[in-house]
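This report describes a sheet, the helices beside it and a set of charged contacts. Please keep the sequence and the structure in view while reading.

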Amino acid sequence: MLSIDKDRPSPAWIASLRERFPTERELDRVLTRRMHRRSGPAYTPVSLQTLVEGVESLIRAHYPADFTLSGARWLTGGASKLQMAFVLDWVPAGGKRERTPMVLRMEPSESLVESSRLREFQLIRAISGTVPVPQVYWCDEEGRHLPYPALVYGFATGVAKPSNTHSNVSGMGATLPPELRAKLAPQFVDYLAKIHTFDFTKADLTAFDVPASGTQCAEWGINFWSRVFEEDCDEDVPLFRIAAGWLKRNMPKLEKPGIVHGDYRVGNFLFTEHDSRISAWLDWELGRIGDYHQDLAWVASSAYYQYDRDGTLLLNGLMTQPAFLEAYEQASGNRVNGKTFHWYKVYNCFLVTALTLGTGFRIAKNGKTHQDVLVTWLSGVGYLLMDEMRALIEGAP
């Protein structure tokens, strides 16, 4: 058996992976680009001045009038992307001069989640007006103006958790008091229903492929995460191989393609504390056209369990699973298929295993990210969810 140097992948090996794991065209392009640049230097801190100059270059390429960029500062949070807040003094098309708070969202050298800024840009723009999202302005999908691919969107007001509480990394363990849960839970369900029933066929989503009827949606997903794991993991994990085989043998048929957020959970929405209204849904980088059961199963992930004072298990700290699924069916008109829901619970554990034990390990080892300590910590979550994946497969209906 030939030894593969995954830090310096050969063109022949990259080509073999593309052939073994066919998936959506844009996602194939993103993974292939990552592999071709993998042997490059480790991540080095980027100065705010460099980012300001890159954003100014990006804006000048699309906006002909004068503008001024000020107040640049780093934004914290997230295990995947670099973010900078700033204020743009400009005149929007057909408007008057204003000072608009904006955010630059940019990849590091390599990311925990390798994704497409163009897909994220198109999806946020398409769903705007259906659910609250930041307004998107410009996209540098190839990193022509900035060090890495990036997009610019409006700064959204609100908080991700109550100011008087705490949570672990990425929203895990967020504690929501009963009075806040009562207000947020109906909105949480309603917006998910609106995303899943949105007519994507009328939107400009050229960076997305629509899966054919049948099992292509499930197959694309298995192939993508199998390829990520093959590219990144330095040790064989037999349970991952077993799970891949189980997922392939039990692929559900896609009955109703629609927009899937891919990371729909507490921590990825902002709300205004004075009225407890959800003000923005964030982090659309894993969005796809697929099966709504994927989002439902993600909401039900044990990583986001929380317990009420009486010991009741709450999904995302908001509501019980039966209450969530019943409310979702009423709001969306979609029926929840128990076997498909279970399959996507296994699938979601599968993808998190690929991310944490594969990508997270490699980018931390090679110093490719600004969050090397965090992604190393997340590897521990991968083992917990891998054990959940084992239990789910053993208990499959």
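Which residue forms a salt bridge with Lys81, and how far apart are the closest N and O atoms? In this predicted model, the partner of Lys81 is Glu285, and the closest N and O atoms are 2.8 Å apart. Glu285 sits in the loop between β8 (277-281) and β9 (288-290), while Lys81 sits in the loop between β1 and β2, so the contact ties together parts that are 204 residues apart in sequence. Glu285 is buried, at 11% relative accessible area. Lys81 is also buried, at 4%.

**The sheet**

The loop that holds Lys81 joins β1 and β2, and both strands belong to an open sheet of 5 strands. The strand order is β1-β2-β3-β5-β4, with antiparallel pairing. Strands β1 (68-74) and β4 (136-140) stand at the edges; each has a single partner strand, so one side of each lacks a neighbour in the sheet. From one strand to the next, the twist averages 20°.

Strand β2 (residues 82-90) pairs with β1 through 5 bridges, and the two run antiparallel. Thr68 stands opposite Asp89 in β2, and Trp74 stands opposite Met84 in β2. On to β3, β2 pairs over 9 bridges, again in the antiparallel sense. Here Trp90 has Glu98 in β3 as its bridge partner.

How many of the residues of β2 are buried? The count is 9 of the 9, so the strand is largely enclosed by the rest of the structure. Leu82, Met84, Phe86, Leu88 and Trp90 point one way from β2, whereas Gln83, Ala85, Val87 and Asp89 point the other way; all are buried.

**Helices on the sheet**

Helix α4 (residues 117-127) lies across β3, β4 and β5, and runs at about 165° to β4. Returning to the pairing of β1 and β2, 5 bridges join these strands. Helix α3 (residues 48-62) packs on the sheet, where it touches β1, β2, β3 (98-106), β4 and β5 (150-154). The direction of α3 makes about 140° with that of β1.

**Salt bridges**

The structure holds 36 salt bridges. The table lists three of them.

| Pair | Closest N to O distance |
|---|---|
| Glu285 and Lys81 | 2.8 Å |
| Asp283 and Arg105 | 3.4 Å |

Asp283 and Arg105 form a salt bridge. This pair links distant parts of the chain, with Asp283 in the loop between β8 and β9 and Arg105 in strand β3, 178 residues apart. Asp283 is partly exposed, with a relative accessible area of 25%, whereas Arg105 is buried at 4%.

Arg241 belongs to helix α7 (residues 238-249) and Glu230 to helix α6 (residues 216-232), 11 residues apart. Arg241 is partly exposed at 40% relative accessibility, and Glu230 is buried at 14%.

Which residues do salt bridges with shared partners join into one network? They are Arg33, Arg37, Lys81, Arg105, Glu107, Glu114, Arg117, Glu120, Asp283 and Glu285.

Key: Residues numbered from 1 in each chain as written. Predicted model: local features only at pLDDT ≥ 70, side-chain atom pairs only at ≥ 80, totals over all residues. Heavy atoms only, no water. Pairing = 2+ DSSP bridges. Helix = DSSP H or I, 4+ residues; strand = E, 2+ residues; numbered from the N terminus. Axes fitted to C-alpha atoms, helices over the stretch in contact; angles between N-to-C directions. Contact = heavy atoms within 4.5 Å. Salt bridge = Lys/Arg side-chain N within 4 Å of Asp/Glu carboxyl O. Buried < 20%, exposed > 50% of the residue type's maximum accessible area, 1.4 Å probe, protein only.
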